[in-house]
Amino acid sequence: MGIELKQPDSAHLPHTNGSSGTLPERSSPTGIAVLIVGGGVAGLLAGLECWRQGHERWPDMAKENDRISYEMWISWHKINGDLISGPAPFRPNAQKKDGPEGPNTLQTAKIYRHSRPTMHKMLADQVERVGLTVEYGKHVTQYQEDPDSSKAYVILENNEKIEADLVVAADGIGSKSYSITLGRQVPARPTGFSIYRALLPIDQALVDPVIDEKFPLLENGMSSTQLWMGIESWSNKVGPEVVLQTTATIDGWPDFADRLIKATAKDQIHDFKLMWREPQPCWVSPGGRVVQIGDAAHSFLPSSGNGATQGMEDAVSLAACLRLAGKDNVPWATRVHNKLRFERVSCLQMLGVLNHEMRNRSANADASQTKPIGILGSWIWKHDPEHYAIENYEKALRHLTSGSEFLNTNVPPGHVYQPWTIDEILKAKETGREIVLDGDWD
Ligand SMILES: Cc1cc2nc3c(=O)[nH]c(=O)nc-3n(C[C@H](O)[C@H](O)[C@H](O)COP(=O)(O)OP(=O)(O)OC[C@H]3O[C@@H](n4cnc5c(N)ncnc54)[C@H](O)[C@@H]3O)c2cc1C
């Protein structure tokens, strides 16, 4: 559960990105007609990146991103609210190297923390500004392709058929595209965990002096996110009374946390059932004209902190591969993209499971002995998927066409990728066997 109140005012500034500013310089069009199903972050960024594909990135979105995001301070708590550690800035692992601040200095990167609607709006505004056509209210029931005509299709609920050179399935965890990529639907499995999420006006919560006292602004004026570990129980709206029934069953759950829940408006709490799906190595249809990205290709536990990020990396990588391949080689672009991305994503999925375990263990340990952690190594946050696609496209293509050796380098340094399954991990957990990670994950 993540609880954050009292955000600084700068997080609530109005948006301007949709109406003014500078667009990046565009490469000459590839002529590839791309149809994207799904307007989540992966789908929206895929549209923008297919539009751009020049050297310049998104100057205005970078500025807007700085404005709407904020640095996250985080404190870790047990399920009864007891502090384990923090609050402290949430930063990726610092590394000593030569940089602008001198030789062998500590380098860190900023972690951008966003409100989801604000980030989504930034992308949607930019999509509107570059003039991409977005059609709302169309429900895809089927994906098809015809290698002879070099076309892919989606079939809508009303039986309308829409064609393109490439169809990108960015339709999230319940994607209808598995029948064409894997030959069968692969439903996501419940993890047994769930997260209640709600957004409520700060003033509404802080009228209660007890809540006001428990969720103060930091001395530096920043807000702090409290992460409470111990329970984590798609998107079903429930009222405070349902959540209170759950919290009533938790030993030591404090009254002030219930007061915060009661301050939430009726039916405004989302009950997110956390789902997972075995890592699926094949994201591409046999003819290469339908490709999955984002949650449609891979599901993450929130403890990876990477689901949306990897969906966005997919979008950047796919657009770069399409540019490198050109219109005559769309199926190779999708296969190379799949090759470049799967192992990295699968490592990050595994990390979510391990982080989750570590946090649960920390929550049950003595607070004085424990420092809750999550791995956030530089191989995760320093990766540039566009650069990686440009560097590796030809090598990966040769590997796929003639079997020459190719090893991905966007995984933890020194790690040799081994396929894994959720059941194996659950079994290891049951039998108390430690999962040993080879290579440098942190
Ligand atoms: C509790 C929680 C915490 C998380 N925390 C983080 C975090 O800290 N960092 C991070 O990076 N990620 C995080 N994630 C993950 C992140 O939210 C998702 O990975 C990301 O939103 C997926 O984006 P997407 O574009 O792939 O899919 P979605 O956002 O699911 O978008 C799919 C789109 O497809 C549309 N669609 C679905 N079916 C159809 C259809 N049949 N026809 C037409 N359209 C369709 C939907 O309406 C939707 O617009 C978290 C997730 C949860 C649940």
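User: Hi! Which residues does Ala-46 touch, not counting residues up to four places away in sequence?
Analyst: Hi! This is a predicted model, and in it Ala-46 touches Ile-36, Val-168, Ala-170, Ile-293, Ala-315, Leu-318 and Ala-319.

User: Nice. And which residues have the most contacts inside the largest nonpolar core?
Analyst: Those are Ala-46, Val-167, Val-168 and Ile-293. The core they belong to has 54 residues.

User: Which helix gives that core its largest share?
Analyst: Helix α9, residues 307–325, with nine residues.

User: Let's switch to the ligand. Which residues come nearest?
Analyst: Gly-38, Gly-40, Gly-172, Gly-294 and Gly-307, out of 26 residues around the ligand.

User: Which elements give two or more residues to that shell?
Analyst: Those are α1 (41–52) and α9. Helix α9 gives the most, with four residues.

User: How many of the shell residues are nonpolar, polar or charged?
Analyst: The shell around the ligand has 10 nonpolar, 13 polar and three charged residues.

User: One more: which residues of helix α8 are buried?
Analyst: In α8, residues 255–262, the buried ones include Ala-257, Leu-260 and Ile-261. They are on the same side of α8, because they cover an arc of only 100° around its axis.

Note on methods: Residues are numbered from 1 along each chain as its sequence is written. This is a predicted model: local features need pLDDT of at least 70, side-chain atom pairs count only at pLDDT 80 or more; totals for chains, interfaces and linings use all residues. A residue is buried if 20 or more other C-beta atoms lie within 10 Å of its own, exposed if 12 or fewer, and partly exposed in between; C-beta atoms are placed from the backbone. The arc is that of the directions from the helix axis to the C-beta atoms. A nonpolar core is a set of buried Ala, Val, Leu, Ile, Met, Phe, Trp, Tyr and Cys residues joined through C-beta atoms within 7 Å. Two residues are in contact if their C-beta atoms, placed from the backbone, lie within 7 Å. A residue is near a molecule or strand if its C-beta atom, placed from the backbone, lies within 6 Å of it. Ala, Val, Leu, Ile, Met, Phe, Trp, Tyr, Cys and Pro count as nonpolar, Asp, Glu, Lys and Arg as charged, and the others, Gly among them, as polar.
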